[in-house]
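I opened a new page for this chain today. These are my notes on what I looked up, in the order I went.

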Amino acid sequence: MIVKCWVTAFQLTELFVSSLVHLSYGFYLFSTAVAGDVSQSVSNWIFKPKFEGNKEIKSSNDLPPIVLVHGIFGFGKGRLGGLSYFAGAEKKDDRVLVPDLGSLTSIYDRARGLFYYLKGGQVDYGEEHSKACGHSQFGRVYEQGHYPEWDEDHPIHFVGHSAGAQVVRVLHQMLADKAFTGYENTSENWILSITSLSGALNGTTRTYFDGMRPEDEKSLMPVSLLQLCRIGVIVYEWLDIPWMKDYYNFGFDHFSMTWRKVGIRGLLDYLLGNAGPFASGDWILPDLTIQGSIKLNRHLRTFLQTYYFSYATKHTTKVTGFAVPCGIRGIHPLLFIRVLQMSQWRHPQDVSPPYKGYRDEDWWDNDGALNTISMTHPRLPVEHPSCLVIKDSDCQTLQPGIWYYKIIEGDHILFVVNRERAGVQFDLIYDSIFERCRKHVLRKTTTLPNQAPPE
């Protein structure tokens with residue numbers, strides 16, 4: 001009895017500390033964005049910018065765009081004021097797009113939104129999916145697509161961080177399956193390359209520490225960090241304060257959760273788990289469990305005409321056969337507790353393992369958010385072709401249809417939000433990604449600038 005009380009007290013203390021750290025970091029980002037916007041407005045008022053005339057706008061046909069896709073709790077260009085999720089990496093190339101896809105929406109919904117962000121039009125989530133998940137079939141309207149000419153002759157490079165990598169893979173499969181009404185000509189050849197940056201390709205054990213039940217991919221533990229998150233998101237969406245949602249949007253507008261539409265009774269239904277994304281499972285966390293990822297991956301292929309690259313991060317090392325954190329120095333406070341917990345992960349003995357051949361030790365190396373084994377290449381339920389890269393020179397001759405992956409020491413957010421943390425390594429990683437997209441990854445049928453198309 002005493003031992004049980006101590007365990008409960010420890011769990012509650014850990015929940016309190018984790019909640020405090022996450023709230024503090026979220027408030028820091030939000031307040032930094034507001035302060036930056038206020039400072040910029042004052043500066044523009046005092047020092048009015050000079051009119052520079054009509055600048056030359058480069059044709060969108062010059063180069064295929066590189067699309068940076070954010071991960072969970074992420075944001076695109078235009079959110080959080082002047083903050084950049086990719087820490088300004090988008091400035092390294094003239095043709096980079098950074099869509100805002102909602103920070104907690106499901107991978108399926110994000111993939112649908114990403115298509116219409118590029119092509120233009122109103123987001124169509126599909127009638128069957130929308131009815132099953134209890135939300136509107138149609139969402140945001142993009143009056144003008146960010147790359148409307150996108151097709152097989154104008155393919156795109158994608159770089160996805162964390163869950164963003166799975167979003168791109170799901171979109172890729174949708175293109176191959178011609179899953180967009182009115183666009184019967186889509187194909188897998190619309191995507192030239194996919195780069196996964198700390199990508200959630202096979203799920204993560206962190207979801208279980210945060211509150212997902214290991215026995216399935218949908219339900220939450222009654223007392224957990226994700227329960228607090230769920231309540232906070234529901235209240236945020238219900239209040240529907242315009243200026244706050246302009247700054248940061250969880251992406252659940254198609255669920256119509258605002259007080260104007262559902263009232264107090266609707267709020268209670270959402271909080272009690274009777275309706276909304278958390279009731280139907282149509283949000284990001286179920287997709288990030290190992291079981292949820294296996295369910296997604298069953299339908300996702302690695303295509304023979306597309307180039308694949310992956311950067312897997314880890315902040316653990318092996319000592320006498322066990323994984324332990326590399327140390328406190330260099331890891332973000334947001335992730336330190338989870339690095340330690342994930343390196344000691346044990347799958348509950350009373351719950352069936354998520355797949356045949358499962359071993360706890362395979363999942364110990366991690367970066368505080370994802371397990372390193374999950375980030376290298378798609379492994380579950382079927383392993384896709386892959387090649388470990390030790391030196392960049394190993395990638396001189398690239399073959400499509402193979403996942404080239406490299407393992408880097410660092411935590412999960414080393415290459416996003418704050419570039420100073422990564423130092424020189426930040427530039428090395430993004431420079432190599434963009435250089436590869438521009439110089440080395442070229443489909444033979446792709447037309448280059450100032451080059452006649454093949455006859």
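**Entry 1: the whole chain.** I began with burial: buried residues make up 53% of the 455 residues in the chain. Buried here means under 20% relative accessible area, exposed means over 50%, and partly exposed is in between, with a 1.4 Å probe and protein chains only. I noted that this is a predicted model, where local features need pLDDT of at least 70, side-chain atom pairs count only at pLDDT 80 or more, and totals for chains, interfaces and linings use all residues. Residues are numbered from 1 along each chain as its sequence is written, and side-chain values use heavy atoms, with hydrogens and water left out.

I then looked up the elements and found 15 helices and eleven strands. Helices (H or I, at least four residues) and strands (E, at least two) are DSSP runs, numbered from the N terminus. Of the contacts with a separation of 6 or more, 71% come from residues 24 or more positions apart; contact means heavy atoms within 4.5 Å.

**Entry 2: the sheet.** In what order do the strands of the open sheet of seven run? I read it as β2-β1-β5-β6-β7-β11-β10, with parallel pairing. Two strands pair if DSSP finds at least two bridges between them. β2 (96-97) and β10 (386-388) are at the edges with a single partner strand each, so one side of each has no neighbour in the sheet. β1 (residues 66-69) is joined to β2 by two bridges, and Ile 66 sits opposite Val 96 of β2.

I also checked what lies on this sheet. Helix α4 packs there, touching β1, β5 (156-161), β6 (191-197), β7 and β11 (403-409), and its direction makes about 145 degrees with that of β5. Axes are lines fitted to C-alpha atoms, for helices over the stretch in contact, and angles run from 0 to 180 degrees between N-to-C directions.

Entry 3: I picked Ser 310, which lies in β7 (residues 307-314). Is Ser 310 buried or exposed? Ser 310 is buried, with a relative accessible area of 2%. Leaving out residues up to four places away in sequence, I found that Ser 310 touches several others, including Ser 196, Met 375, Trp 403 and Lys 406.

**Entry 4: two helix pairs.** α2 (residues 107-119) packs on α4 (residues 163-176) at about 65 degrees, with the axes 8 Å apart. That makes α2 roughly perpendicular to α4. I sorted the contact residues into ten nonpolar, one polar and two charged. For the classes, Ala, Val, Leu, Ile, Met, Phe, Trp, Tyr, Cys and Pro count as nonpolar, Asp, Glu, Lys and Arg as charged, and the others, Gly among them, as polar.

Next I took α6 (residues 225-239) and α8 (residues 259-271), whose axes come within 9 Å and cross at roughly 165 degrees. These two are therefore roughly antiparallel to each other. Their contact includes Ile 234 and Trp 238 of α6 and Val 262 and Leu 267 of α8. By class, the contact of α6 with α8 has ten nonpolar, one polar and one charged residues.

**Entry 5: a hairpin.** Last, I found β8 (residues 316-319) and β9 (residues 322-325) pairing in the antiparallel sense over four bridges. Thr 316 has Pro 325 as its bridge partner in β9. Two residues sit between the strands of this hairpin, and Thr 320 takes a positive phi near 50 degrees.

Definitions and conventions:
Angles under 35 degrees count as roughly parallel, over 145 as roughly antiparallel, 65 to 115 as roughly perpendicular and the rest as oblique.
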